[in-house]
Amino acid sequence: MTSSARPLLNRRLAGFGTTIFAEMSALALRTGSINLGQGFPDTDGPEEVREAAVRALRDGRGNQYPPGPGIPELRTAIAAHQQRRYGLSVDPDTEVLVTAGATEAIAASLLALLEPGDEVVALEPYYDSYAACVAMAGATRVPVTLRPREGRFHLDLDELRDAVTDRTRLLLVNTPHNPTGTVLTREELAAIAELAVERDLLVVTDEVYEHLVFDDAAHVPLATFPGMRDRTVTISSAGKTFSFTGWKVGWVTGTPELVTAVRSAKQYLTYVSAGPFQYAVAEALALPESYFDDFRAAHRRKRDLLGDGLRSAGFEVYQPRGTYFITTDIASFGEKDAYAFCRALPERCGVVAVPVSVFYDDPEAGRSQVRFAFCKRDDVLHEAVGRLRRLAA
């Protein structure tokens with residue numbers, strides 16, 4: 001045991017304890033509640049993709065260290081996906097990097113591209129790893145808050161522009177956006193691109209929910225806008241699209257210079273990972289368009305099932321146009337503290353959710369907001385809705 005009075009945890013990570021996802025998932029296990037808090041599906045993805053992983057294991061492919069940038073088959077599949085879907089021409093040899101999920105891709109990008117004292121403008125509420133990664137890089141996060149209006153969360157472009165200073169190095173953009181379900185429009189993305197070019201900013205985009213957009217929304221990568229190809233690090237992953245979150249296969253695309261910079265940091269984090277799963281994800285990305293259409297339609301139905309149930313239970317629901325999360329407000333119950341509400345919810349009706357307040361720099365900004373995940377089996381959602389309706393009674 002150390003006798004020093006100095007704290008063991010370095011000051012950059014002070015305040016970052018156990019993640020809310022771990023806390024609420026443990027609460028679900030302890031109480032036997034339905035877990036609509038952490039965003040993971042309760043069914044596996046396509047059988048042919050799982051069998052591709054088994055085949056790779058049996059054939060001895062990927063059982064040892066794969067190449068540092070990722071296996072050639074997966075890098076080629078990622079490049080083909082970007083070209084086929086978005087018209088982005090990406091060199092698989094120099095402009096693609098495979099990572100241990102999108103979380104590592106974000107960490108490596110921020111560690112590589114930021115210097116202590118730099119400012120990072122990010123859209124809040126944001127995924128909790130953003131704040132931790134910015135802190136580890138010694139930079140300062142500057143939040144621009146998405147605000148609820150007319151049943152959805154919206155970005156104030158004037159507020160975004162005002163947030164950029166001479167110290168701003170990078171914009172961290174997440175669309176489709178977790179936790180609000182916002183999908184930035186082409187007009188909003190064009191304004192972000194113009195700002196980045198005008199102020200000579202780098203941009204890191206988290207696009208892991210790119211295949212989960214609903215209604216009239218469309219996902220448009222920021223790298224497709226004028227002037228953005230050379231300044232954008234685009235991040236995505238297989239976990240959300242193919243329902244194999246435990247495989248932790250993500251990727252980065254960008255110019256050779258940007259990818260080389262990110263790889264310089266990434267190689268000292270995990271070096272490599274998920275060897276056999278990389279072969280399976282390469283096959284997954286080549287699935288026919290019908291898979292992606294059916295996947296999206298199934299989740300739209302799940303969104304509507306849970307959303308209707310939450311409304312009938314008395315929640316104010318902000319309709320998501322992407323991701324597999326629904327953000328709600330509990331003020332209609334006379335409640336003000338989402339954290340206390342979520343801790344009590346398992347005892348009240350046997351359901352676990354996540355307080356959105358933990359995703360804000362100022363918890364008061366989202367004090368009455370609660371997030372639910374709808375990436376679950378229909379029977380689980382029906383049961384959860386039935387339990388949640390006890391709140392209305």
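Numbering starts from 1 along each chain as its sequence is written, and side-chain values use heavy atoms, with hydrogens and water left out. Because the model is predicted, local features need pLDDT of at least 70 and side-chain atom pairs count only at pLDDT 80 or more, while totals for chains, interfaces and linings use all residues.

Helices (H or I, at least four residues) and strands (E, at least two) are DSSP runs, numbered from the N terminus. Helix 4 (residues 101-113) packs on helix 9 (residues 256-266) at about 105°, and their axes sit 8 Å apart. Those axes are lines fitted to C-alpha atoms over the stretch in contact, with angles running from 0 to 180 degrees between N-to-C directions. Helix 4 and helix 9 therefore count as roughly perpendicular (under 35 degrees is roughly parallel, over 145 roughly antiparallel, 65 to 115 roughly perpendicular and the rest oblique). On the helix 4 side, Glu-104, Ala-108, Ser-109, Leu-111, Ala-112 and Leu-113 meet Leu-258, Ala-261, Val-262, Ala-265 and Lys-266 of helix 9, contact being heavy atoms within 4.5 Å.

A nonpolar core here is a set of buried Ala, Val, Leu, Ile, Met, Phe, Trp, Tyr and Cys residues joined through side-chain atoms within 4.5 Å; buried is under 20% relative accessible area, exposed over 50% and partly exposed in between (1.4 Å probe, protein chains only). The largest such core has 130 residues, and Phe-315, Phe-372 and Leu-388 touch the most other members. Leaving out residues up to four places away in sequence, Phe-372 touches residues including Leu-36, Leu-306, Phe-315, Tyr-324 and Leu-388.

Disulfides (cysteine sulfur atoms within 2.5 Å) number zero. For Cys-342, the nearest cysteine sulfur is that of Cys-349, 10 Å away, which is too far for a bond. Cys-342 is buried at 0% relative accessibility, and Cys-349 is buried too, at 2%.

Then there's the backbone: most residues other than glycine have a negative phi, and most peptide bonds are trans. A cis bond links Glu-124 to Pro-125, with omega about 5°, and another links Asn-178 to Pro-179, with omega about 20°. Asp-200, not a glycine, has a positive phi of about 55°; Asp-200 sits in the loop between helix 7 and strand 8 (202-206) and is exposed at 58%. Lys-248 also shows a positive phi of about 55°, but is partly exposed at 38%.
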